[in-house]
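Let's take a friendly walk through a protein model. Have the structure open beside you, and look up each part as it comes along.

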Amino acid sequence: MQPMNSPALLRCLLGSKKRAAVVVAFWVLIAGLLAGVAPALESVEDNASANLPPAASDSMKARDLVRAQLPGQDATPAIIVVRGKGTDAAASATQAVAAITSALSGTSRPDHVVSVVSTVTAPDAAAELISQDRGAQLVIVPMKGSPSDESFQNAVDKVRDLASDRAGPADVAVTGPAGIATDTVKVFSGGDKILLLATIVLVLIILLAIYRSPLMALVPLLAVGVAMRVAETLGAILADAGVITVSSQTASIMTVLLFGVGTDYALIITARYRETLLDEPDRARAMQTAVRRTAESVLASASTIVLAMFALLVAVSPALHGFGPYLALGVAVMALVAFTFIPALVLLLGRGVFWPGGVDKAAERSRGAGIWHRIAALVARAPVKVASAVIALLVVLSAGLLGYQESFNTLSGFRTATESEHGQHLIQEEFGPGEIAPSTVVVHSRDNLRSSPAPADIATALTDADHVSRVADPRMGKDGKTVFYDVVLDLDPYSSKALDAIGPLKQATQSAAQAAGVQDATVLIGGETAQNADIRSALDRDTTFIVLLVLAIVTAVLVLLLRSLLAPLYLVATLILSFLATLGATTFFTVTVLGDDGIGNRVTAYIFVFLVALGVDYNIFIMSRFKQELRTQPPAKAITAALTRTGGVVSSAGLILAATFAVLMTQPIRELFQFGFAMAFGILLDTFLIRPLLVPAIVRLLGDRALWPARPGTPQTPSTPTSEPPSADVPAARATETGSSRLLRAFTWIAVIEACTWAGLLVGMYLKYIPETTELGVRIFGTLHGAAFIVYVALTILVAIRLKWRLGRTTIFALLAAVPPFMTVAFEIWARRTGRLPQPAAAPSPTPAL
């Protein structure tokens, strides 16, 4: 084989051992320098905002009003529930409450304790603090400071110690927002080290089984370690600067994501390296060839994941909006490390990287195992039966969605016992289900209500509202125009029924305020139930947008990679089937079998984004190899060769990725357990059913049309002449040139129409806000613009495919004509969402502004 002319960059990085050593030293130096200047990731994690609704939601506005209008209400309460024991439970509880109140009111109380509210300090509130059978009592302990601070958490622990010491034989537990926040931090912090250690051990065992070489197995782990260190330090710097947010869940998922993706990329590159060694004995040139031939598929894979993560930025819920940038950063860093550090380290280790088997055995294993030849033969014999069987199985698995429901209870999601959860159970048993999380109804008027009977009348009306168990006395805000009501529902405040009751409660309050003579009152509802209702609404909206955007991103990447319009459609269809089957199986296993309250409210969106972004990788690897094999073989043999050559390495990569996500099941948090199970199950589906069976069967059935509109050319073989007589090519060349010229002319005309309608749209948008009579003209321009834009994009793709993506300067300039109108539409949508442009008159705001 003749020496191949590798690109200059590859020769610069991988031309020799010395150059490889420089690359390895560079990454080690970068990781060390960043670690020296970056803060610890744990110190910049934000776990509070991830569990809140959007800032513009009613529940958050209500929270802000409570803090602004009720002095001292910005404290975070710890709720101590005391249940007496023995024959006289009431006396036992009373004695315990007196001792606890004394301890928390004395000089030895923790610094963060603001006050104590109990039957001792507030006898008038006894009706709310004592259960009906008088066997249990509540002690409210407001605490100042941020629940995310370590000093605050230590103060909660001291409150628990004091309560436990003074309670005597009574059963006592500290819960409430302060207790829940403290337990949440403990649950998360306890699993980080186990997660990292379990991931490393599991991945190392699988790599040793695959490579059969200790040094080669360590290469991916070292690469992941470098990438993780760089990504964590960069993420910590950006989070400290307020550019991105990082939560404990995001950090945990980043760990398994980098291990899974990093080892996948390492397997793909090193497998192609071993294959190239069959024909190229020079290791440096073999590595350059391997990197060049895997670059397209690996870059497509990394780009898909990064873009899918950035797609989460369209979300309005903080849990999803802040989730993507940090993970996108990690995958981007991992891709850079995969293309530079991994090849350089393999070259630097020399022949020893294949010890003890040697280079020859490692290269021979790249030809593909016998099982993949048998699977390819099965698909070739009966593609219809294979495709039908796989689709039928996916449909059966999707049936598990019949039991689908979501859970918004944070405490029920802990898979370890916590004092907060025990306290909530005590409150539910002794005081009723709604007492653990009362809702705060806020009524704001334009007039002063201090001397008005309206607040009392509203409170009386609220007691008759549906699902209302108790209404506390109204509290007047310091402005005299805002009244607050603590409303206890007769429902579990975290249940779907309670969330559904928030809307009717708001309407009932609005009607009560109007009947009491408060005109144009603004009604807001705060509290955990209202916040969860707003979170649910935001997640429903976000999930729809994210699903459409991620599917569009994946389709676009596949179109660019495969130069096909048909292949992305059936490949995306297999991803959707895989997602439905995975979610059905996850629902059946975790909810029906294990008895979880439901699927974590954010888990479904996470599963979709990650499963589609990662699952498409295996389609990318096999289809890109199929496209390469088409150069020398017909479609039937090309898909067989692609399956046998990629079967072993892609299956190994999928097994490692599934195993790393399965490690999340060791975490004591429901969301991570469900997410880890779903990802492991879904990746195994993609790896061992969809990629080796369903996709090749579809390709086999479509034949020459598998990459439509692209058609496979005549395979180049040694026996096939590489050139024909000139006279035979001239008519075909002229015909092709004529067809391309027509397409270019049509393309240019469409671009001109697009530019004109864009100009008209801008004029119409400007005039729309001057005289109202131009509304019809705006609609006409908008319709023309939309139609031209759709035709323009479709024709652009067809022209690009026809010209094999070799676009001239004229075409490039015409292509840029699509940017201004797209930005115009995007700007108007953004401006309306942010309030910079008024909303249409047909959709007035249901709630007057304060």
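The axes of helix α14 (residues 370–381) and helix α22 (residues 635–662) come within 9 Å and cross at roughly 135 degrees. That angle makes α14 oblique to α22. The crossing of this pair, α14 and α22, is right-handed. On the α14 side, the contact is made by Trp 372, His 373, Ile 375 and Ala 376. On the α22 side, the partners are Thr 640, Leu 643, Thr 644, Gly 647, Gly 648 and Ser 651. Sorted by class, the residues of the contact of α14 with α22 are four nonpolar, six polar and no charged.

Before going on, keep in mind that this is a predicted model. Now step back to the whole chain. The protein chain has 850 residues, and 51% of them count as buried. It holds 27 helices and ten strands. Take the contacts in the protein chain between residues at least 6 apart in sequence: 80% of these join residues at least 24 apart. The accessible surface of the protein chain comes to about 37800 Å², and carbon and sulfur atoms account for 62% of that.

**Helix α2 and its two partners**

Next, find helix α2 (residues 17–37), which packs with helix α8 (residues 214–240). The angle between α2 and α8 is about 35 degrees, and their axes are 9 Å apart. Here α2 passes α8 in a left-handed crossing. From α2, the residues Trp 27, Ile 30, Ala 31, Leu 34, Ala 35 and Val 37 take part. They meet Val 226, Arg 229, Val 230, Thr 233, Leu 234 and Ile 237 in α8. The contact of α2 with α8 has ten nonpolar residues, one polar and one charged.

What does α2 do with helix α12 (residues 324–349)? The axes of α2 and α12 come within 8 Å and cross at roughly 130 degrees. This makes α2 oblique to α12. The crossing in which α2 passes α12 is left-handed. Lys 17, Ala 20, Ala 21, Val 23, Val 24 and Trp 27 in α2 meet a row of α12 residues, among them Leu 336, Val 337, Phe 341 and Leu 348. By class, the contact of α2 with α12 has twelve nonpolar residues, one polar and one charged. Look for Trp 27 on α2: this residue takes part in the contact with α8 and in the contact with α12.

| Helix pair | Axes | Angle |
|---|---|---|
| α14 and α22 | within 9 Å | roughly 135 degrees |
| α2 and α8 | 9 Å apart | about 35 degrees |
| α2 and α12 | within 8 Å | roughly 130 degrees |

**Some residues in loops**

Let's turn to the backbone. Which residues does a cis peptide bond join? Trp 708 and Pro 709 are joined this way, with omega at about 5 degrees. Pro 709 lies in the loop between α23 (670–702) and α24 (726–768).

Now look at His 467, which is not a glycine and yet has a positive phi of about 65 degrees. His 467 sits in the loop between α17 (454–462) and β6 (468–471). With a relative accessible area of 39%, His 467 is partly exposed. Asp 520 also has a positive phi, near 55 degrees, in a residue other than glycine. You can find Asp 520 in the loop between α18 (496–515) and β9 (522–526). Its relative accessible area is 49%, so Asp 520 is partly exposed.

Gly 434 is found in the loop between α16 (419–431) and β5 (439–444). Is Gly 434 buried or exposed? Gly 434 is buried, because its relative accessible area is 3% and buried means under 20%. Leaving out residues up to four places away in sequence, Gly 434 touches Val 488, Leu 489, Leu 491 and Pro 493. Gly 434 and His 467 are 33 residues apart in sequence, with 9.7 Å between them in space, C-alpha to C-alpha.

**A residue inside a helix**

Our last stop is Thr 263, in helix α9 (residues 248–276). Thr 263 counts as buried, at 0% relative accessibility. Leaving aside neighbours within four places in sequence, Thr 263 is in contact with several residues, including Val 203, Leu 207, Pro 220 and Ile 656. From Thr 263 to Leu 221 there are 42 residues in sequence and 7.4 Å in space, C-alpha to C-alpha.

Definitions and conventions. Residues are numbered from 1 along each chain as its sequence is written. This is a predicted model: local features need pLDDT of at least 70, side-chain atom pairs count only at pLDDT 80 or more; totals for chains, interfaces and linings use all residues. Side-chain values use heavy atoms; hydrogens and water are left out. Helices (H or I, at least four residues) and strands (E, at least two) are DSSP runs, numbered from the N terminus. Buried means under 20% relative accessible area, exposed over 50%, partly exposed in between (1.4 Å probe, protein chains only). Contact means heavy atoms within 4.5 Å. Accessible areas come from the Shrake-Rupley method with a 1.4 Å probe; for residues, only the protein chains shown count as cover. Axes are lines fitted to C-alpha atoms, for helices over the stretch in contact, and angles run from 0 to 180 degrees between N-to-C directions. Angles under 35 degrees count as roughly parallel, over 145 as roughly antiparallel, 65 to 115 as roughly perpendicular and the rest as oblique. A crossing is left-handed if the near helix is turned anticlockwise from the far one by less than a right angle, and right-handed if clockwise. Ala, Val, Leu, Ile, Met, Phe, Trp, Tyr, Cys and Pro count as nonpolar, Asp, Glu, Lys and Arg as charged, and the others, Gly among them, as polar.
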